[in-house]
Amino acid sequence: MDILKKFSLEGKTALVTGAAYGIGFAIAEGLASAGAKIAFNCRSEEHLRTALDMYREKGIDARGFLCDVTKEDEVASLVSTIENALGPVDILVNNAGIIKRIPMVEMTAEEFREVVDIDLTAAFITSKAVLPGMMERRNGKIINICSMMSELGRETVSAYAAAKGGLKMLTRNIASEYGPYNIQCNGIGPGYIATPQTAPLRERQPDGSRHPFDSFIVAKTPAERWGNPEDLMGAAVFLASEASDFVNGHILYIDGGILAYIGRQP
Ligand code: NAP
Ligand code: GCO
């Protein structure tokens with residue numbers, strides 16, 4: 001048996017949402033290097049243009065589209081455009097996400113809803129758009145990008161934690177409801193990864209020293225470093241491929257050991 005063949009994504013089409021940069025871009029690159037055709041979306045025209053150049057530089061013939069994942073009509077037309085251009089979506093990665101770091105008592109309900117809309121409801125919308133085709137073909141992979149905040153709380157991220165905790169349960173529910181159709185829905189739970197989303201937590205202080213949160217995270221991570229988006233590539237290929245056909249409803253945390261660690265004694 002050639003085990004590596006089971007990791008091949010040759011002939012598959014993948015839609016990675018919000019893959020203009022950061023984690024989505026690296027996951028798309030990983031899937032492409034395993035053979036998948038790549039489609040991605042984002043909201044900003046400028047991000048789309050830059051991303052298309054970045055994919056080209058990597059030798060990836062990715063198709064990029066403007067689409068806000070919270071809009072059902074835009075997502076429906078995105079999926080049908082991709083299906084006409086590249087074929088059915090075999091792999092969906094729900095990656096698009098935002099965070100608002102605001103103490104809960106100062107956060108408006110509108111701000112809370114916006115985070116939940118993008119980080120949770122959108123995964124329902126995009127999954128719903130690809131599931132009927134996957135059910136018909138009795139084949140499909142959905143990967144939801146969860147978070148440490150699917151398990152842990154901390155100050156200022158109430159909406160994000162609520163959304164990512166919900167995304168973990170949506171993952172398990174899709175696995176439960178559509179597993180009989182040979183559809184696998186799993187999550188990737190990244191630890192603290194160096195991307196634009198976390199840039200404010202790594203900003204140097206006026207005296208040139210590390211941001212206190214930066215030092216806190218390095219101390220809290222047995223690997224003693226932030227993750228890079230590339231650290232997530234292997235897991236994404238595994239969860240998108242035949243190698244994971246009996247893995248369903250699982251959240252694979254890729255966190256350098258954060259969730260296993262009680263923290264260093266003072
Ligand atoms: P990022 O650097 O801020 O990138 C977010 C991407 O999502 C961008 O391409 C953005 O493009 C797109 N996007 C945002 N809202 C969108 C919407 N409504 N519709 C379509 N596209 C949208 O974030 P990241 O750090 O790579 O994070 C990616 C995912 O991983 C998120 O779900 C995040 O919560 C999760 N995550 C991140 C970390 C971390 O430490 N960085 C850890 C765990 C989980 P536009 O602005 O052009 O729309
Ligand atoms: C924060 C961070 C996190 C990470 C990530 C952790 O402010 O705590 O932004 O929430 O982005 O999701 O896994």
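So, the largest pocket: that's the space ligand 1 takes up. Keep in mind that this is a predicted model, so everything I say is about a prediction.

Which residues come nearest to ligand 1? There are 31 residues around ligand 1, and Arg43, His47, Asn95, Tyr160 and Thr195 are the nearest ones. If you sort the shell by type, you get 16 nonpolar residues, 12 polar and three charged. And where in the fold do they come from? Helix 1 (22-33), strand 2 (37-42) and helix 5 (158-178) each give at least two residues to that shell.

Okay, polar contacts. Arginine 43 has a polar side-chain atom 2.8 Å from an oxygen atom of ligand 1. Lysine 164 also reaches in with its side chain, where an N or O atom is 2.9 Å from an oxygen of the ligand. With glycine 191 we're looking at the backbone: an N or O atom there is 3.5 Å from an oxygen atom of ligand 1. On its own, ligand 1 has 890 Å² of accessible area, and the protein covers 96% of that.

Now ligand 2. This one has 14 residues around it, and the nearest are Arg101, Ser147, Arg154, Tyr160 and Tyr192. The shell here splits into eight nonpolar, four polar and two charged residues.

What about contacts for ligand 2? In the side chain of serine 147, an N or O atom is 2.7 Å from an oxygen atom of the ligand. The side chain of arginine 154 has an N or O atom 2.7 Å from a ligand oxygen too. Proline 190 uses a polar backbone atom, 2.8 Å from an oxygen of ligand 2. Ligand 2 has 330 Å² of accessible area by itself, and the protein covers 96% of it.

Last stop, two single residues. Is threonine 17 buried or exposed? Threonine 17 sits in strand 1 (residues 13-17), and its relative accessible area is 2%, so it counts as buried. Its side chain has a polar atom 2.9 Å from the backbone nitrogen of alanine 96.

Then there's cysteine 67, in the loop between strand 3 (63-66) and helix 3 (72-86). Cysteine 67 is called buried because its relative accessibility is 4%, and the cut-off is under 20%. Along the sequence, cysteine 67 and glycine 18 are 49 residues apart, but in space their C-alpha atoms are 9.1 Å apart.

How values were computed:
Residues numbered from 1 in each chain as written. Chains lettered and ligands numbered in written order. Predicted model: local features only at pLDDT ≥ 70, side-chain atom pairs only at ≥ 80, totals over all residues. Heavy atoms only, no water. Near = heavy atom within 4 Å. Polar contact = N/O pair within 3.5 Å; in protein donor to acceptor, adjacent residues only side chain to side chain. Areas by Shrake-Rupley, 256 points an atom, 1.4 Å probe, with all protein chains shown as cover. Nonpolar A, V, L, I, M, F, W, Y, C, P; charged D, E, K, R; others polar. Helix = DSSP H or I, 4+ residues; strand = E, 2+ residues; numbered from the N terminus. Buried < 20%, exposed > 50% of the residue type's maximum accessible area, 1.4 Å probe, protein only. 1 Å grid on protein atoms, 1.4 Å probe; cavity = no way out; pocket = protein on both sides within 12 Å on 5 of 7 lines; lining within 4 Å. Sits in = over half its atoms within 2 Å of the grid points.
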